[in-house]
Amino acid sequence: MAKKVVGIIGSYRKGRVIDSAVTAALEGAAGCGAETSKIYLIERHIEFCDNCRACTQERVNVPRGNCVHNDDMEQILTDIDAADAIVLGSPINFFTVTAVTKQFIERLLVYAYWPWGSKMPKFRTKEKTKKALIITSSAAPAFVGRIMMRSALGVLGGAAETMGAKVVRKLYFGMVAQEKDRGLEEKQLKKARQAGKVLVL
């Protein structure tokens with residue numbers, strides 16, 4: 001049976017750096033026989049998490065709790081749960097992931113068990129059975145961004161782990177805003193394709 005890889009894109013602009021990188025990674029996975037799909041967060045109706053914690057009160061032996069919001073998040077998470085691997089990408093805006101990416105990530109609280117009276121939440125998924133590739137980009141050189149804006153990779157990595165995935169590769173594309181419509185170079189796309197292959201091999 002072919003492995004399923006889902007790409008989650010937290011960019012506001014289609015066809016640009018993060019979209020291109022996630023697409024290339026999925027191409028790499030597809031070249032190894034995987035079934036791939038993309039989720040553009042800007043196209044989905046996702047309500048804000050209001051931290052009511054209703055989803056965290058359910059018994060611990062279910063994959064995730066039920067959110068009180070009736071929006072597209074349930075289908076997104078259903079697709080993620082059915083996947084063998086995840087590609088999660090967001091550009092860096094003002095030192096961290098985009099607002100739409102953070103909005104999505106905050107709704108991942110459904111994967112936590114945190115009954116009232118408990119001091120700390122627990123992951124419902126103990127074993128990391130999925131693989132994850134996380135991708136980000138910034139106007140700064142990559143080595144500078146990894147030091148000064150490290151929270152982006154940390155947030156994306158934490159989100160992947162919350163969804164039951166082990167991060168096997170991290171890509172950081174720097175200096176991507178030197179020209180108005182500049183995209184990724186072929187060598188960068190090749191790097192993303194290679195990373196996508198790692199998800200299914």
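Predicted model: local features only at pLDDT ≥ 70, side-chain atom pairs only at ≥ 80, totals over all residues.

Student: OK, which residues touch the most other members of the largest nonpolar core?

Tutor: That core has 35 residues, and the ones touching the most other members are Ile8, Ile80, Ile86, Leu88, Phe104, Leu108 and Met163.

Student: And which elements each supply at least two residues of this core?

Tutor: Those are β1 (4-9), α2 (73-81), β3, α3 (99-106), β7 (130-137), α5 (151-162) and β8 (165-173). Helix α5 gives the most, with 5 residues.

Student: Switching to charges: how many salt bridges does the structure hold?

Tutor: There are 9 salt bridges. One of them joins Asp19 and Lys38, with the closest N and O atoms 3.7 Å apart. Asp19 sits in helix α1 (residues 17-30) and Lys38 in strand β2 (residues 35-40), so this pair ties together parts that are 19 residues apart in sequence.

Student: Is Asp19 buried or exposed?

Tutor: Buried, because its relative accessibility is 5%, under the 20% cut-off.

Student: What about Arg64, which residue does its side chain meet in a salt bridge?

Tutor: Asp81, at 2.6 Å from N to O. This pair also links distant parts of the chain: Arg64 is in the loop between β2 and α2, while Asp81 is in helix α2, 17 residues apart. Arg64 is buried, with a relative accessible area of 13%, whereas Asp81 is partly exposed at 30%.

Student: Which residues are linked in a network of salt bridges?

Tutor: Glu27, Glu186 and Arg193. There's also a salt bridge between Glu185 and Lys187, with the closest N and O atoms 4.0 Å apart. Glu185 is partly exposed at 36% and Lys187 is exposed at 63%.

Student: Which residues gather in the patch of positive charge on the surface?

Tutor: Arg146, Arg169, Lys170 and Lys191. Arg146 belongs to helix α4 (residues 142-148) and is partly exposed, with 38% relative accessibility.

Student: Where is Phe94 found?

Tutor: In the loop between β3 (85-93) and β4 (96-97), and Phe95 is in the loop between β3 and β4 as well. Phe94 is exposed at 76% relative accessible area, while Phe95 is partly exposed at 45%.

Key. Residues numbered from 1 in each chain as written. Heavy atoms only, no water. Patch = residues over 30% accessible without salt bridge, like charges linked within 9 Å, V, L, I, M, F, W, Y side chains within 5 Å. Areas by Shrake-Rupley, 256 points an atom, 1.4 Å probe, with all protein chains shown as cover. Lys, Arg positive; Asp, Glu negative; His and termini not counted. Charge placed at Lys NZ, Arg CZ, Asp CG, Glu CD. Helix = DSSP H or I, 4+ residues; strand = E, 2+ residues; numbered from the N terminus. Buried < 20%, exposed > 50% of the residue type's maximum accessible area, 1.4 Å probe, protein only. Core = buried A, V, L, I, M, F, W, Y, C linked by side-chain atoms within 4.5 Å.
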